Amino acid sequence: MLWLPGPQCARAERRRRIDPFRRRGRGLPLPDYNGWFDAKTVADLYEGHLGSMNKRAAGHRLTLLGRLHEEIRVCTACRLHRTRTHAVPGEGGPSSRLMLIGEAPGANEDLQGKPFIGRAGQFLDALLAASGLVRSHIYITSAVKCRPPNNRTPKDDEMATCRSLWLERQIELVDPDLIVIMGKAPLRQLFGDKMQTRLSDLHGQIRLREGRRYLLTYHPAAAMRFPVARRAIQEDFAKIAGLLAKPARL
Ligand code: URA
């Protein structure tokens, strides 16, 4: 039991009627009060207080992410903006625990400004469903935000620009517990040349970078074409739920 100022104190009583944690009338109705709150009531009130703080923080993140997407949509920092229809910033909640990074928008994504909505996107959706993951709970983006002409591989300078201007900020803001790198392009973009780039050796591994966990796997488009890559990506995605159940910071 926790003692809180009782009716004998007029000021405390006035404050009590408003809110014992000065929440100014927002949130839960106050329970009956006889000078004491039991531990559960105190815990509930405190949780309500934290909950409203978290909601405000989440709302703030949403605003910041929305602004970042707006900036990406008008980016002209590299040559890719000249041939795009729409930049594709990414999609998903600002507090997603899982982030997926692909290579670059394709023709459908370029037309609609949304990530992974073409054939590779359909493959990804099936993969997520088979792995018990829900797309709307995931933040999805790509190494570069604009479609390279004829779907060529993004060049190193394009990836470097897009990383420092946008991708690093997306990672900071969403602050996911796990990031899945899908394919060689984002692997090279975030880990550089040091990493040998044979995905057949690397897939399924967890790498640390700046205190964050990255799971390395194939790109869904490669997995659609090559059965070896398909089996590998299925195995890798099957690990994600278990990884999310473990502490995020190693
Ligand atoms: N491939 C990607 O890497 N990103 C997309 O948005 C679509 C296909």
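Two residues are taken to be in contact if their C-beta atoms, placed from the backbone, lie within 7 Å. The structure before you is a predicted model.

Let me apply that definition to Pro115. Setting aside residues up to four places away in sequence, Pro115 touches Val88, Gly90, Glu91, Gly102, Pro105, Glu109, Ile140, Thr141 and Ser142. Pro115 sits in the loop between helix H3, residues 107-112, and helix H4, residues 119-130. Is Pro115 buried or exposed? The cut-off for burial is 20 or more other C-beta atoms within 10 Å; Pro115 has 26, and therefore counts as buried. From Pro115 to Ala104 the C-alpha separation is 8.7 Å, at a distance of 11 residues in sequence.

Phe116 belongs to the loop between H3 and H4 as well. Its phi is near 50°, a positive value in a residue other than glycine. Most residues other than glycine have a negative phi. Phe116 is buried, because 28 other C-beta atoms lie within 10 Å.

Both residues bring us to the ligand. Its surroundings consist of Val88, Gly102, Glu103, Ala104, Pro105, Gly106, Glu109, Pro115, Phe116, Ala120 and Ser142.

I turn now to the protein as a whole. It has 250 residues, of which 32% count as buried, and its secondary structure amounts to 10 helices and seven strands. Among contacts with a separation of 6 or more, 71% are between residues 24 or more positions apart.

Next, the interior. In soluble globular proteins, nonpolar side chains tend to be buried together. Here the largest nonpolar core contains 47 residues, and the members that touch the most others are Met99, Ala143, Ile179, Val180 and Ile181. Helix H5, residues 156-174, supplies the largest share of this core, with six residues. For Ile179, leaving aside neighbours within four places in sequence, the contacts are Met99, Ile101, Ile171, Arg212 and Tyr214.

Asp175 lies in the loop between H5 and strand S5, residues 178-182. Asp175, which is not a glycine, has a positive phi near 50°. Asp175 counts as partly exposed, because it has 15 C-beta neighbours inside 10 Å.

Which residues of helix H6 are buried? They are Lys184, Ala185, Pro186, Leu187, Gln189 and Leu190. H6 spans residues 184-191, and since six of its eight residues are buried, it is largely enclosed by the rest of the structure. The elements covering those buried residues include strand S3 (98-102), H5, S5, helix H7 (199-202), strand S6 (206-209) and S7. Just after H6, Gly192 adopts a positive phi of about 75°.

An α-helix has 3.6 residues a turn, so residues three or four places apart point the same way.

Tyr218 touches Met182, Gly183, Leu199, His203, Ala223, Ala229, Ala232 and Ile233, residues up to four places away in sequence not being counted. Tyr218 is located in the loop between S7 and H8, and counts as buried because it has 25 C-beta neighbours inside 10 Å.

With 19 other C-beta atoms within 10 Å, Cys78 is partly exposed. Neighbours within four places aside, Cys78 is in contact with Asp157, Glu158 and Thr161. Cys78 and Cys162 are 84 residues apart along the chain, yet their C-alpha atoms are separated by 8.3 Å.

Conventions: Residues are numbered from 1 along each chain as its sequence is written. This is a predicted model: local features need pLDDT of at least 70, side-chain atom pairs count only at pLDDT 80 or more; totals for chains, interfaces and linings use all residues. A residue is near a molecule or strand if its C-beta atom, placed from the backbone, lies within 6 Å of it. Helices (H or I, at least four residues) and strands (E, at least two) are DSSP runs, numbered from the N terminus. A residue is buried if 20 or more other C-beta atoms lie within 10 Å of its own, exposed if 12 or fewer, and partly exposed in between; C-beta atoms are placed from the backbone. A nonpolar core is a set of buried Ala, Val, Leu, Ile, Met, Phe, Trp, Tyr and Cys residues joined through C-beta atoms within 7 Å.
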